[in-house]
Amino acid sequence: MSMEDLKLNETLQTRAKKRSNRYYLNDFEYFRMIKSEFPHTKSASQLGYVNGIVPLVSTVLNPKDVLFIVMGSVKYVHKAKLLTETWLQWSQGNFFIFADTSNASIPLVTLPQLENKPSREDAQHRQLLGSQWIITNKSELIKNVKWFVFADDDTWINIPALLSYLQFFDHRLLLSIGYIWDDMWVTGWSYFSGGGGIVFSQAAFMSTMPIIYTKECPFQTWNDVTFMHCQKQKGVTKIHSDRFFYDKAHVIGTSHHLIPVSYVGKVTFHYINDPAVARRMTCDVAVYWKWPIKGCDNVKRDDMPHLRLP
């Protein structure tokens, strides 16, 4: 890192640690801060002319730059299977679905600490222990990963839009991005909706995951609440983005009542359990972003505007 980049990282870390437990930045606030306070950093150069809301543009990132860590289960194995048949195809195999039993055909991965523990409370440990296992056992894989994305097995992710969006951030900084609950459910704190998807920069992931289950960052009943405490301890800046959503899009009912313009530019939605809806949304994204995907080869959307890519 340059001296300016180091100064930016230190400033972000200090603010995240010292300010209130509710402290976070909207993405447009973060971008404006970078441009005004740190104009000579890599972050500023990545933003270019952007000074607020980032546009939908083709990405310089590769799907292999992102690793997806999904909470799965044997009880709802059909949900994990649907992910692998839809949006996870774009990941080029860069994902782990941690569950209470292994199933190589999906694939589901389990660990001794997770095996045969099917309850909702047990499920809160799957991504946490899974992340620590990845750090210990998959060092060659993750050394080239820039971003780590946590999702539930009913989270739908628009990978082309995700990569387009993440290229405006520096993965070397202590950053985490998603949909923020502010002073809701946990009084006096802001934290991410796990179902809406949570992104950790490489720096944030490698800083926070090893300290989970230690005195510095003990487990806090729920995985996303645990993330909240660890982020505070390590000075990770939380960034809220309205491109992530904790629920289904309000216009989503059935596959016959989908309005593509409401989701082809968004990054995540939650509770996408209907296979027809998940497949329709994924195929619409494939058409819009011109990212071919198996199962959408013959899909055409003559009534949908296409992304104008350079």
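How do the residues of the lining of the largest pocket divide into nonpolar, polar and charged? Twelve are nonpolar, nine polar and eight charged. Here Ala, Val, Leu, Ile, Met, Phe, Trp, Tyr, Cys and Pro count as nonpolar, Asp, Glu, Lys and Arg as charged, and the others, Gly among them, as polar.

This is a predicted model, in which local features need pLDDT of at least 70, side-chain atom pairs count only at pLDDT 80 or more, and totals for chains, interfaces and linings use all residues. Residues are numbered from 1 along each chain as its sequence is written, and side-chain values use heavy atoms, with hydrogens and water left out.

**Helix α10**

α10 gives the most to the lining of the largest pocket, with three residues. Among the buried ones are Asn223, Phe227 and Lys232. Gly235 follows α10, and its phi is positive, near 75°.

**Thr282**

Thr282 is found in helix α11. Helices are DSSP runs (H or I, at least four residues), numbered from the N terminus. Thr282 counts as buried. Its contacts (heavy atoms within 4.5 Å), leaving aside neighbours within four places in sequence, include Thr86, Trp87 and Cys296.

| Item | Value |
|---|---|
| Thr282, relative accessibility | 2% |
| Thr282 side chain to Trp156 side chain, polar contact | 3.0 Å |

A polar contact is a pair of N or O atoms within 3.5 Å; within protein, one must be able to donate a hydrogen and the other to accept it, and residues adjacent in sequence count only if both atoms are side-chain atoms.

Technical notes. Helix = DSSP H or I, 4+ residues; strand = E, 2+ residues; numbered from the N terminus. Buried < 20%, exposed > 50% of the residue type's maximum accessible area, 1.4 Å probe, protein only.
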